Protein chains: 2
Amino acid sequence: MRSPTIRDVAKAAGLSVAAVSRHLNRQIALPDETARRIDDAVQRLGYQPNVIARRLSRGSSETLAFITSDIAYPFFAAVASAAEAEAAALGYSLLIFNSRNEISRELSLLSRITDHQVDGAILMTNHVDDGQLGEAVRKARFVVLADEDVSGADVPRVFADNETGGALATRHLIATGHHRIAFIGGPRGLVSTEGRLAGFEMAMKEAGLPTEAALTRFGFYSEQAGAEAFRELMSMPEPPTAIFAIADLLAVGVISAAREMGVTIPDDLSVVSFDDIPYAHLLNPPLTTVHQSADEFGRVSARLLVDLIHGRSGSGERHSIPVKLIERGSVSAPPRSSSQDNSKRRQGDPSQTG
Amino acid sequence: MRSPTIRDVAKAAGLSVAAVSRHLNRQIALPDETARRIDDAVQRLGYQPNVIARRLSRGSSETLAFITSDIAYPFFAAVASAAEAEAAALGYSLLIFNSRNEISRELSLLSRITDHQVDGAILMTNHVDDGQLGEAVRKARFVVLADEDVSGADVPRVFADNETGGALATRHLIATGHHRIAFIGGPRGLVSTEGRLAGFEMAMKEAGLPTEAALTRFGFYSEQAGAEAFRELMSMPEPPTAIFAIADLLAVGVISAAREMGVTIPDDLSVVSFDDIPYAHLLNPPLTTVHQSADEFGRVSARLLVDLIHGRSGSGERHSIPVKLIERGSVSAPPRSSSQDNSKRRQGDPSQTG
DNA sequence: CTGAAAGCGCTTACAG
DNA sequence: CTGAAAGCGCTTACAG
């Protein structure tokens, strides 16, 4: 019941192991008759090369890793799926890893590159680094950073155009008549949070609108964090009339909490978010959100990684994924009653900018 | 720049390779001083064992594969995530593979078991087998089949209680007043389709209701297939007043198409589905659906696989995942106007059963 | 063109 | 207890 090895094939074909190996790897053109003898033996024995052994002697695996903080988040799953498709087209397998956003797991996954278990990795982390990850990435070398940054790592990067997206979302809210706009972000220090915040602030400034510290919240990327931020915002003396939640996941938390509190979106409160996850258009309300292409994210990352492995792409490379605003049903004009007057009353507030 | 090997460590510690290996694998209790020498050398050199080499000589990898037809489908992603968590708790890594439901990819993934690239696999296929897959599973041995069956494979299985779920969904529709109920299934021959169909038919029969062939459709598991089945159903002379779509994915297709055609759910048409994907409660309308626990699916599958590898679980084992109906907003009483009378008129139709 | 042999980096029976 | 050596199944310089 032992699986046949290349030696068995060689014996059966009356040839040397080397000849068989070379033939199987197409590094040699054998006379037809000889080639057939090998192929027949392979057939008959049901021989399958042992990939582990090949990997050990060759030092490469034709396998890539995709490390995500949460494979259950639809946007990340969609990126993984696209990366897989592109990797396959380029002759690579893709292993998908769930890091649960734990640095220890990210580190051990990255070490599989040094191991030659995989040739390289696409890393989608989702926390700020204390330096460990940066060092590991530098050591692993064949890594592309997608969606979030790891500072100090000299590798290619693929980010969404966060700043433009943030500005797009905010301008849309302003154009619809909102002045008191809250910002619900992820953790501070992440490029997603900082980029989208910069876009938000830029758009507010353009419009001559103040950015109030109490209206900009930060926290984890989770439904719960979105819900919590929403509740805090609504319990303010003068709640905002619109929210820019910088991820659909956060917006989902906002929607759930709003439902519970009986506030209607968009009648009582407008919401714009970011990502455009698969079912965003079917939610209630349909989410107005900044779209970034998961497909392009995955494909570009995979291509960049393969290029890097083959020395065809520089480590300084940066790729920006374009964004666009998708208007659906979660935004409307602010309710007549509210904040218009309130915001005037607060004109002199020292916490205001601009 | 070459990564340090166990030989380097041995040299640095002034010991044999064997001693180092045994110490690192805790198969030996060295005098404290000696142990420290090794640990220091490991530290200093930054030694990390080469997993590939270990795997080749040991013949096992402490790694499991999770093969899914579509990692981008939220339910599957959730199962993968749970399987990963359980595997990690049991000391195994989990690689997630996207097979795209292509048999050639499933086969090559399965062959990684024979390869010793992975110790075993959880296989979630989604097509009927022509025998190839069954043979590969039999050969690979350390496989657990989840969600869908592969006939002729003598391995453990984890299925939802499809029949009960199908009956639950159908009875709910009947209890709400529906008589003309359509069934939108996946491909014929899959246990999900057949089991849920059996439950559907059982519930209809219980209620003394006919099952009309034109009202039961089968097709791929895709949004598109759901939309198409819906359109065909609605263009019938007497369309159904309710649909049991046996997967949320299908229901999402139905909802989209209904939106386009201007039919309102649940006022014009009631819909029940199956799965309860993550955002089902936030859709418009909130989906009334049969819940199956993705978490339990993933955890049980992983545990069964590890048990199988360790010879602790028999290949005949079957585990059934309980289901329950979650009532939300996609079902209401049938519209006054319709089918009540129509269905009487068709009493004598030969295509009717029972 | 072809084969014998070394080597990839571990683990583990075997002998001391 | 400890080490020298064989072996896991391939690939590939090297020599013929």
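This passage describes the interface between chain A and chain B and the protein surface near DNA strand D. The model is predicted, with local features needing pLDDT of at least 70, side-chain atom pairs counted only at pLDDT 80 or more, and totals for chains, interfaces and linings using all residues. Residues are numbered from 1 along each chain as its sequence is written, chains are lettered from A and ligands numbered from 1 in the order in which they are written, and side-chain values use heavy atoms, with hydrogens and water left out.

The protein interface pairs 47 residues of chain A with 47 residues of chain B, where contact means heavy atoms within 4.5 Å. The size of an interface is often given as the accessible area lost when the parts come together. Here the buried area is about 4,000 Å² (accessible area, 1.4 Å probe, that two parts lose on being put together, summed over both). Carbon and sulfur atoms give 57% of this area. On the chain A side, Ile52(A), Tyr279(A) and Leu282(A) lose the most area to chain B. Together they account for 19% of what that side buries.

Four salt bridges are counted between chain A and chain B (a side-chain nitrogen of Lys or Arg within 4 Å of a carboxyl oxygen of Asp or Glu). In one salt bridge, the side chains of Arg100(A) and Glu84(B) meet at 3.0 Å, N to O.

Helix 5 of chain A gives the largest share of the side that touches chain B, seven residues. Helices (H or I, at least four residues) are DSSP runs, numbered from the N terminus. By class, this side of chain A has 25 nonpolar, 14 polar and eight charged residues. Asp, Glu, Lys and Arg count as charged; Ala, Val, Leu, Ile, Met, Phe, Trp, Tyr, Cys and Pro as nonpolar; the others, Gly among them, as polar.

DNA strand D has 23 residues around it, each with a heavy atom within 4 Å. Ile6(A), Ser21(A), Ser57(A), Ser16(B) and Arg22(B) come nearest. Phosphate oxygens of DNA strand D lie 3.1 Å from a polar side-chain atom of Asn25(A) and 3.4 Å from a polar backbone atom of Asn50(A). For Arg54(A), a side-chain N or O atom is 3.1 Å from a phosphate oxygen.

Conventions
Helix = DSSP H or I, 4+ residues; strand = E, 2+ residues; numbered from the N terminus. Polar contact = N/O pair within 3.5 Å; in protein donor to acceptor, adjacent residues only side chain to side chain.
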